[in-house]
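Please look at the sequence and the coordinates before you turn to the solutions.

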Amino acid sequence: MADYEGIKFRYADMQRELERMQTLTQEFISEDSRWVFGRCLENLENIRCAKQNRVHQFEINKECPLKTISSEGEYRASQKERGISVFGTLSFRMGLENPHRGKNRQSDFHLVGEATTSIQIFNSETDKLVARWQIEAGDATSPGCHFHSAANQYSEDGIFPEWLKVPRLPSVLLTPMDGLEFLLGELFQTRWREHVSVESEVRNSWAKLQGDRIKRILTWSLSQVSDPETTAWMDLKRAKPPLGLLTE
Amino acid sequence: MPVQKPCVVFVDDEIETLKPLADCVRDAGIAGCTVESPADIDTEMLVAADLVVVDYTLEKWPSMVDEDEISRKPLNGIALSAVLREHSRANGTEAPTAFALITGKPNSVSSIPGERRPHVVARLSNLEWFFEKQASTEDNVRRIASLASAVHNLPRNLNEGPIDVGELLEILGAGAADLSDRYREAIERCRPPIHHLSEHSGGLAVIRWLLHRIIPHTCFLVDSLNLAARLRVTSESLLAQLQAETEFSKQLSVYRYGGPLNDFGGDRWWRGGIEQWIWELTEGNSANAEAVLAELRKLGADLLEPVGIVRPVLTLGENLEVEATFSARDDVEPVQLDDWPSYAEPAYMRKLLLSEHEELGIFKSDQTG
């Protein structure tokens with residue numbers, strides 16, 4: 001779709017989101033990867049003060065991902081028996097563009113490239129990869145659905161190979177921190193819910209950021225299916241969100 | 001009438017002891033520099049002084065010997081400093097006076113056995129700084145001159161009301177920097193005393209914040225050791241490289257901290273500036289040590305040597321001093337020290353050191369570990 005301009009984010013929101021989740025997830029993130037948050041925040045600030053006329057890659061790269069502590073079977077709703085110990089990793093990559101010419105430090109960025117948050121789960125004892133999925137937002141040329149998740153791409157076992165690209169399952173999650181909360185909610189079914197049930201400023205702040213975003217995505221999705229030109233699903237699949245989806 | 005040059009008053013019961021140091025400070029450009037006996041100090045001297053350096057031991061001061069009423073008997077230099085500070089405050093102008101202690105017996109000063117980090121001892125003793133006579137004269141002279149100049153050069157309107165971060169940025173010498181907005185936010189995270197705390201201190205609260213809470217830690221400024229760690233090069237090779245005139249040193253100098261106390265403990269740089277610089281140099285690949293070094297070498301930094309550790313960190317030693325060599329992240333443990341600012345980079349100790357010194361185990365924390 002030629003007129004797709006990306007999605008406008010406020011730098012301050014993305015920064016706050018990372019800072020809140022850095023604090024909120026501290027006891028669930030392996031000690032040797034906590035520094036990754038700091039590096040990520042530094043890179044966001046670098047991009048914020050960087051040149052206007054290019055796409056910057058904002059990322060936690062897959063060589064140095066965020067890594068969770070091990071889940072000893074807490075990924076099952078029933079914990080009667082101790083399950084196989086696993087841990088998760090999260091990396092991401094987003095293509096950002098600074099919209100304002102001549103400004104030293106930008107207030108907003110446009111998410112113009114693909115946004116991919118990659119999540120992997122490993123057996124803690126063998127370090128063998130046991131699950132992998134992505135949370136993604138498309139770009140101007142992607143076929144939709146714009147906000148989607150995909151399973152196990154880049155696999156070498158013949159199932160869900162990278163060239164196939166489908167299925168793109170509809171999703172309401174967008175940012176890397178959405179992905180992190182999703183991962184923790186899966187690996188620690190009870191413990192994470194209990195953790196975010198504790199009243200705190202950091203929880204409330206994160207909940208508001210995430211809640212506002214999901215509400216806007218759902219409202220926009222609803223508007224796409226309310227009066228479809230074709231079928232509700234095909235209209236939603238083809239739809240590209242407006243630039244001001246999250247800010248106006 | 002404020003004096004035009006920085007002024008330091010040394011106070012000692014044995015005047016001759018501190019005279020050589022005072023001479024060196026005078027030679028370093030602090031023209032108004034005198035050594036006085038506690039009995040000779042008057043309010044005029046205090047008001048004129050930018051810095052008063054009091055000797056800890058005052059046993060030969062006759063008043064100490066002859067006086068029976070303990071309330072009239074400052075037991076040592078810390079107590080005398082407190083008395084003099086109040087006199088200074090009561091009689092002072094808008095120009096503040098800083099107080100520091102000097103001693104040849106550092107272990108007897110600290111109320112905590114083994115704790116000799118000067119910013120901690122000073123903070124606990126309501127002083128701006130704490131000097132050890134055992135330190136090199138050159139270091140002491142540089143720091144005394146730096147502190148006196150910093151106090152002397154504070155803007156004179158700081159008693160008029162709260163200041164904002166923009167004014168603080170001006171004081172710190174970065175108001176006009178291209179990255180001033182970035183620096184401003186980094187400073188705000190470090191809880192500067194810009195509201196009610198600064199209002200009646202004439203700016204001394206800002207000096208204390210720099211001395212006690214910023215310079216000793218890694219916050220919005222980095223020293224040469226931290227800079228070397230960030231660039232993933234040895235500190236020796238960085239120091240050697242800094243001596244050479246190259247495009248590297250020219251570009252790096254843009255980010256050098258030039259505000260108050262910039263010569264107090266070696267050069268420092270704006271951390272956000274360094275990050276932005278290497279980000280731009282590497283076109284967004286600043287996490288890659290090889291890419292960073294390759295770009296720096298293109299700027300003529302041929303002396304830089306890679307450190308050979310994937311993610312080098314600085315550690316604290318047995319006496320909580322910063323160790324000169326880097327460690328690998330896998331070989332260290334985060335430690336939780338009392339009063340360590342939450343906005344500063346965490347402190348680490350080598351696992352080996354912790355295993356060799358059981359008493360250091362009190363600093364281990366599950367929260368940070």
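**Exercise 1.** Which residues in helix 2 of chain A meet which residues in helix 15 of chain B?

*Solution.* Bear in mind throughout that this is a predicted model. On the side of helix 2 of chain A, the residues are Glu42(A), Glu45(A) and Asn46(A), and in helix 15 of chain B they meet Gly272(B), Glu275(B), Gln276(B) and Trp279(B). As for geometry, the two helices pack at an angle of about 70°, and their axes are 9 Å apart. Angles from 65 to 115 degrees count as roughly perpendicular, so helix 2 of chain A is roughly perpendicular to helix 15 of chain B.

**Exercise 2.** Determine what chain A contributes to its contact with chain B.

*Solution.* The contact draws 12 residues from chain A and 13 residues from chain B. Within chain A, helix 2 and strand 2 (55-60) each supply at least two residues, and helix 2 gives the most, with 4 residues. The residues on this side of the contact divide into 2 nonpolar, 4 polar and 6 charged.

**Exercise 3.** Identify the buried face of helix 16 of chain B and what covers it.

*Solution.* Begin with the buried residues of helix 16 (residues 289-298) of chain B, which are Val292(B), Glu295(B) and Leu296(B). Viewed down the helix axis, they fall within an arc of 100°, and therefore they line one face of the helix. The face turned away from that buried side carries the exposed residues Glu290(B) and Lys298(B). Finally, the cover over the buried residues includes helix 12 (224-231), helix 14 (247-253) and helix 15 (271-281) of chain B.

Notes:
Residues numbered from 1 in each chain as written. Chains lettered and ligands numbered in written order. Predicted model: local features only at pLDDT ≥ 70, side-chain atom pairs only at ≥ 80, totals over all residues. Buried ≥ 20, exposed ≤ 12 C-beta atoms within 10 Å, placed from the backbone. Arc of directions from axis to C-beta. Contact = placed C-beta atoms within 7 Å. Axes fitted to C-alpha atoms, helices over the stretch in contact; angles between N-to-C directions. Parallel < 35°, antiparallel > 145°, perpendicular 65-115°, else oblique. Nonpolar A, V, L, I, M, F, W, Y, C, P; charged D, E, K, R; others polar.
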